[in-house]
Amino acid sequence: QTCALPISQVTLARSSSFAGGRYQDRGFAFGGRFYQTYEGVKPFLDAGIGWTWAKGPAGWKDNSFVWQGTVGVEFPAAKGLSFSPYVQYRDRTSFRDGDRWNCGVKGNYWVNERTAVTAAVERAIDESWEYRVGVNYRF
């Protein structure tokens, strides 16, 4: 079964310590997920746009329009639980050096057919780790 779903997400993120501090961001995005189901496993492609507010070491703060593309595979783990390893390109257009590649794994707890509470661990190309929590909603 092939499907395209509009999705929305709200996230909070915090990085591992670097340059004497941590990077933190809050954001939301809207986009689409395209996937094909093979015996419960779902390879997917996400594309989205949104906004992010961020702060980092030495008092740095900024906000920006963001667009992102993600490819991954969602694996069922138990009733209502799944996990998704992924690779993502994200561009925060007004940040200096705001574009980057990430790879990670996200755990999803499906509260119902449309809403998931998520937690993720990402490794960014700049070698920082990010920890994310959020909510995804499928329309």
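Along the sequence, the protein reads β-β-β-β-β-β-β-β. The radius of gyration is 15 Å, close to the 14 Å that the globule rule gives for 139 residues, so the protein is as compact as a globular protein of that length. This is a predicted model. In total there are eight strands and zero helices.

Along the principal axes, the C-alpha atoms fill a box of roughly 50 × 25 × 25 Å. Of the 139 residues, 40% are buried. The accessible surface comes to about 8000 Å², and carbon and sulfur atoms account for 62% of that surface. Taking contacts between residues at least 6 apart in sequence, 47% join residues at least 24 apart.

**Aromatic rings**

The protein has eight aromatic pairs. One of them joins Phe28 and Trp53 in a tilted arrangement, with 5.9 Å centre to centre and 40° between the planes. Phe28 belongs to strand S2 (residues 24-36) and Trp53 to strand S3 (residues 42-55), so this pair ties together parts that are 25 residues apart in sequence. How accessible are Phe28 and Trp53? The table gives the values for the two residues.

| Residue | Relative accessible area | Class |
|---|---|---|
| Phe28 | 32% | partly exposed |
| Trp53 | 40% | partly exposed |

Elsewhere, Tyr23, Trp60 and Phe95 make up one aromatic cluster. A charged side chain also meets a ring: Arg33 lies over the face of Phe44, at 4.0 Å from the ring centre.

Notes. Residues are numbered from 1 along each chain as its sequence is written. This is a predicted model: local features need pLDDT of at least 70, side-chain atom pairs count only at pLDDT 80 or more; totals for chains, interfaces and linings use all residues. Side-chain values use heavy atoms; hydrogens and water are left out. Rings of Phe, Tyr and Trp (its six-membered ring) pair if their centres lie within 6.5 Å; planes under 30 degrees apart count as stacked, over 60 as edge-to-face and the rest as tilted. Helices (H or I, at least four residues) and strands (E, at least two) are DSSP runs, numbered from the N terminus. Buried means under 20% relative accessible area, exposed over 50%, partly exposed in between (1.4 Å probe, protein chains only). A charge sits over a ring if NZ of Lys or CZ of Arg is within 6 Å of the ring centre and within 35 degrees of the ring normal. The radius of gyration is taken over C-alpha atoms; the globule rule is 2.2 Å times the number of residues to the power 0.38. Contact means heavy atoms within 4.5 Å. Accessible areas come from the Shrake-Rupley method with a 1.4 Å probe; for residues, only the protein chains shown count as cover.
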